[in-house]
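Please keep the sequence and the three-dimensional view at hand while reading.

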Amino acid sequence: MRPMVEVESLAASFGESAGLSDISFSVGAGELLVLLGPSGAGKTTLLRTIAGFVAATSGHVRIAERDVTCLPPEKRAAVYLHQSPVLFPHLSVAENVAFPLRLRHVVGNRRSERVAELLESMQILELADRLPRTLSGGQRNRVSLARALAASPMVLLLDEPFSGLDPGLRQDVREAIRIVQRTSAPATVVVTHDLDDAALLADRIGVLINGRLCQIGNPREVMTLPSSREIATLVGFTNTLSARADGIGNIETAIGKLRVCGGTVSGSGSLMFRTDGGRLTCDGEFRGRVTAVTTRPGSVTIRLHSAAGELELASESGRLPEPGDEVEFALHRERLVFFPGS
Amino acid sequence: MRTTPIRWQSSLLLVLVLWTALPISVLVISSIGSGWFYPHLVPTSWSTAAWSELVSDRRLSRSLLTSLWLASLTGGIASIVGFEIGRRVSRTPVPLRYFALAAAFLPVAAPPLALGIGLQYFVLRAGLGGTLTGVWLAHSAVAIGYTTLYFIGVFAVFDRRVEEEARSLGASPLATLARVTLPLHRRQLAEALLLGFLVSWAQVPLTLLIGQGAVESLATSVMSYVHAGQDHLASVAGLLLALPGLVLMGVVGSSIRRFAVATV
């Protein structure tokens, strides 16, 4: 895939945050990269540096093979959308969408046809004459995306588009982003905190920690084989056991001995797994006492006290244990990840 | 008793209304009445002669036109300059922003007489003493202070993400200003224009000092009529002087109501 946006050895500082250092990646046309990272990791700064609102202190940003590092935002062909949709309050929905077309001197019927086409694609044609203040959050998001598409961007930068939205609206915005990908195929970079949104949308996921891009790969890679403890914690590896590996796949922990897949590392470290890395079973290798049972839509999490401390396991359907019950559990060795070092 | 606070509130409101409306009422009555001496509560006769004189008295109509020209130009320039300075100051980092604020506050805080003496030095050196241009420059110095302070407040709460969004969609800084920032501040620009207009409209000390008697505005005419004991003309000119202020009250009041409706 031809890279539409290339970021090379990029560094930037902004406010009192740590800033970005030595960031390199590329995103192809029609590809969607999700940036994950804890708060203050530099995700928004990275997006704003690509967009041209934060000056890079070193490195390069190239869009469609053109170095745009020193160009102002309007000359980059990269549209940056803020966390909450920012519409022009003095313009109607149709005028908002027509804004980039006016700038490019698209006139008359061509302009109105294109506006109608974009509103239609976002399923908001009936809102054309409304003012932004009369729209709901989801509608505002759709108008914002339609307006971004009107600018025919080569790169679309979305800063936490799902933040503060209820589940219905999140689905709505995800659908709108898919429409954008389908109809215009820009290289898209999305910042989010939500693993579900990341997994549902991303072609690739990049993990940013302390201003550095620590891992980038397809969602399966990043979600199942995080390259560090911080990333594992970020992508939902909630269980950590102190462990010692022997270099041939055997790992000793406080709850007992385990065999892991492809373990060639030796020494002490941490064994981490998600809640789905283990299961309650009648003939499990390990024992624990249930301390809490949490029911969420579509899942139940059992918190239990083991010889290695507190662990959380997802429960499969069937009879649920009660707090205080003694239970046995097993761990899925292919879902365990060992990180050497303290 | 529960009615006591309400009675107090009504009484205080009445006092406030009388206190503010009485001077204007006196102007209205004395502009159309004559023979209004103690112990008469109202004038003994009524006439519109003073208003007719407004048209025939060339001095009064000339000073009215001078004031209109001066105040319009001052209001126009001060609103544009104040808008731009306010916009830039709001983006200036903090220590510098405080200096800019202090600079804008100076012509507002300093008494016009003191300011006039200072300005006189420069205006006379530039050969503009006793000219309309000199008076306009002096009025603008004060009016720009007011409008700058006003716009610093406006831009302190302005959501700059709107401008960023426009830039990101392809608008140059100039296009962003013309298509987004200015249209979004139409009401504030109109209010600043009126503010600048009023500052110039009611200005006496600066007009006297810089105009050196050669430039006569409506406000300085009122002073002359009062000194000359021409009460009717003083009242008519005084009413004209009060008119823009009353219009401003109406404009601000209606825009506040519109804003309240828009944000409900």
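Is Leu54(B) buried or exposed? With a relative accessible area of 15%, Leu54(B) is buried, because buried means under 20% relative accessible area. The model discussed here is predicted.

**The surroundings of Leu54(B)**

- Leu54(B) belongs to helix α2 of chain B, which covers residues 49-56.
- Leaving aside residues up to four places away in sequence, Leu54(B) touches Leu60(B), Ser61(B), Val236(B) and Leu240(B).
- From C-alpha to C-alpha, Leu54(B) and Leu64(B) are 9.4 Å apart in space, and 10 residues separate them in sequence.

**Chain B as a whole**

- Chain B contains 12 helices and two strands.
- Along the sequence, these elements follow the pattern α-β-β-α-α-α-α-α-α-α-α-α-α-α.
- Taken along the principal axes, a box of roughly 70 × 70 × 30 Å holds the C-alpha atoms of chain B.
- Chain B has 264 residues, of which 39% count as buried.
- Among the contacts in chain B with a separation of 6 or more, 72% are between residues 24 or more positions apart.

- Helix α11 of chain B spans residues 218-228, and its buried residues are Leu218(B), Ala219(B), Thr220(B), Ser221(B), Val222(B) and Tyr225(B).
- Helix α12 of chain B runs over residues 231-263 and includes Val251(B).
- Val251(B) counts as partly exposed, because its relative accessibility is 31% and this class lies between under 20% for buried and over 50% for exposed.
- Val251(B) is also one member of a nonpolar surface patch, together with Leu243(B), Leu246(B), Val247(B) and Met249(B). The accessible area of these residues together is about 450 Å².

**The six-stranded sheet of chain A**

- Six strands of chain A form an open sheet with mixed pairing, in the order β6-β7-β8-β3-β9-β10.
- At the edges of this sheet are β6 (78-81) and β10 (212-217) of chain A, each of which pairs on one side only.
- From one strand to the next, the twist averages 20 degrees.
- Strand β6(A) runs parallel to β7 of chain A (residues 155-159), and four bridges join the two. Within this pairing, Tyr80(A) has Leu157(A) of β7(A) as its bridge partner.
- Helix α1 of chain A, residues 43-51, packs on the sheet and touches β3 (32-36), β6, β7, β8 (187-191) and β9 (204-209) of chain A. The direction of helix α1 makes about 150 degrees with that of β7(A).

**The five-stranded sheet of chain A**

- Strands of a sheet pair through backbone hydrogen bonds, either parallel or antiparallel.
- Five strands of chain A form an open sheet with antiparallel pairing, in the order β15-β19-β16-β17-β18.
- The edge strands β15 (278-280) and β18 (309-315) of chain A each have a single partner strand, so one side of each lacks a neighbour in the sheet.
- On average, neighbouring strands of this sheet are turned by 45 degrees against each other, with direction ignored.
- Strands β16 (residues 286-296) and β17 (residues 299-306) of chain A run antiparallel and are joined by eight bridges. Arg296(A) is placed opposite Ser299(A) in β17(A).

**Positive phi values in chain A**

- Most residues other than glycine have a negative phi.
- Which value of phi does Glu65(A) have? Although Glu65(A) is not a glycine, its phi is positive, at about 65 degrees.
- Glu65(A) is located in the loop between β4 (56-63) and β5 (66-67) of chain A. Its relative accessibility is 57%, and Glu65(A) therefore counts as exposed, for which the cut-off is over 50%.
- Ser152(A), another residue other than glycine, has a positive phi near 45 degrees.
- The loop between α4 (137-150) and β7 of chain A contains Ser152(A). With a relative accessibility of 41%, Ser152(A) counts as partly exposed.

Notes: Residues are numbered from 1 along each chain as its sequence is written. Chains are lettered from A and ligands numbered from 1 in the order in which they are written. This is a predicted model: local features need pLDDT of at least 70, side-chain atom pairs count only at pLDDT 80 or more; totals for chains, interfaces and linings use all residues. Side-chain values use heavy atoms; hydrogens and water are left out. Two strands pair if DSSP finds at least two bridges between them. Axes are lines fitted to C-alpha atoms, for helices over the stretch in contact, and angles run from 0 to 180 degrees between N-to-C directions. Contact means heavy atoms within 4.5 Å. Buried means under 20% relative accessible area, exposed over 50%, partly exposed in between (1.4 Å probe, protein chains only). Patches are made of residues with over 30% relative accessible area and no salt bridge: like charges are joined within 9 Å, nonpolar side chains (Val, Leu, Ile, Met, Phe, Trp, Tyr) within 5 Å. Accessible areas come from the Shrake-Rupley method with a 1.4 Å probe; for residues, only the protein chains shown count as cover. A salt bridge is a side-chain nitrogen of Lys or Arg within 4 Å of a carboxyl oxygen of Asp or Glu.
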